[in-house]
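Here is a friendly walk through one protein model. Keep the sequence and the 3D view open as you read.

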Amino acid sequence: MPTNADCIFCKIVAGKIPCLKILQDAHGLAFLDIGPIAQGHALLIPAGHYVTLDEMPAEEAAALLKHLPALGRAVQQATGAEGFNVLQNNGSAAHQLVQHVHFHIIPRRTGDAFHFNWPAGKYTPGQGEALAERIRQGLV
Ligand code: 5GP
Ligand code: ZN
């Protein structure tokens, strides 16, 4: 399992930095975010040090993500939230600040203070088909 001695989340996985732990197994750890967008905002991180999601072996990602449904349920139940977002940032352009893969589980309520700017666009004829094909070609 890759690790990075300078990484804050690797230190949390190793128990060298404290966290408010929710669950831990051989593949990952869930704990409360230190700067919650809403009460109960949790992070799910792999035990191994991977900077972005695309670096992760598929089996490691699957073993980690199996926890998401129960985590989402438990966070909602504990906070009385009406819903939750799963958010996962890759790269500084995508607002990734901590260089170790993490999934945010963010409890949501109607009218709360967390707003997305969601500038939905559209494709010109043929543009979407060509792009979907390029993406298919890139799947490995
Ligand atoms: P990002 O912008 O990289 O997706 O989010 C990083 C998240 O990690 C932030 O929400 C931040 O509050 C959280 N975080 C950063 N350092 C620590 C820490 O030492 N402990 C905990 N529990 N959360 C942290
Ligand atoms: Zn790390």
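Which residue in S5 does Ala42 stand opposite? The residue facing Ala42 is Ile105.

## About the model

The model is predicted, and local features need pLDDT of at least 70, side-chain atom pairs count only at pLDDT 80 or more, and totals for chains, interfaces and linings use all residues. Residues are numbered from 1 along each chain as its sequence is written, chains are lettered from A and ligands numbered from 1 in the order in which they are written, and side-chain values use heavy atoms, with hydrogens and water left out.

## The overall picture

The protein has 4 helices and 5 strands. Both kinds of element are DSSP runs numbered from the N terminus, with at least four residues (H or I) for a helix and at least two (E) for a strand. Along the sequence, the pattern reads α-β-β-β-α-α-β-β-α. The C-alpha trace spans about 55 × 40 × 25 Å along its principal axes.

Of the 140 residues in the protein, 35% are buried. Buried means under 20% relative accessible area, exposed means over 50%, and partly exposed lies in between (1.4 Å probe, protein chains only). The protein exposes about 9,000 Å², and carbon and sulfur atoms supply 59% of that area; accessible areas come from the Shrake-Rupley method with a 1.4 Å probe, and for residues only the protein chains shown count as cover. Among contacts with a separation of 6 or more, 56% are between residues 24 or more positions apart, where contact means heavy atoms within 4.5 Å.

S5 pairs with S3 in the antiparallel sense over 3 bridges; two strands pair if DSSP finds at least two bridges between them. Strand S4 (residues 83-87) also runs antiparallel to S5, joined to it by 5 bridges. Gly83 has Arg108 as its bridge partner in S5.

## Salt bridges

How many salt bridges does a search of the whole structure find? The search finds 3, a salt bridge being a side-chain nitrogen of Lys or Arg within 4 Å of a carboxyl oxygen of Asp or Glu. One of them joins the side chains of Lys66 and Asp25 (4.0 Å, N to O). This pair links distant parts of the chain, 41 residues apart: Lys66 is in the loop between H2 and helix H3 (68-79), and Asp25 is in the loop between S1 and strand S2 (28-32). Lys66 counts as exposed because its relative accessibility is 53%, whereas Asp25, at 27%, counts as partly exposed.

Arg108 forms a salt bridge with Asp112, with 2.8 Å between the closest N and O atoms. Arg108 counts as buried because its relative accessible area is 16%. Within helix H4 (residues 127-138), Arg136 and Glu133 lie 3 residues apart, about one turn of the helix. Their salt bridge has its closest N and O atoms 2.8 Å apart, and Glu133 is partly exposed at 32% relative accessible area.

The side chains of Glu82 and Thr110 are joined by a polar contact of 2.5 Å. A polar contact is a pair of N or O atoms within 3.5 Å; within protein, one must be able to donate a hydrogen and the other to accept it, and residues adjacent in sequence count only if both atoms are side-chain atoms.

Thr52 sits in the loop between strand S3 (42-46) and helix H2 (58-65). With a relative accessible area of 14%, Thr52 is buried. Its side chain makes a polar contact with the side chain of Asp54 (3.0 Å). Not counting residues up to four places away in sequence, Thr52 touches Asn90, Gly91, Gln96 and Val101.
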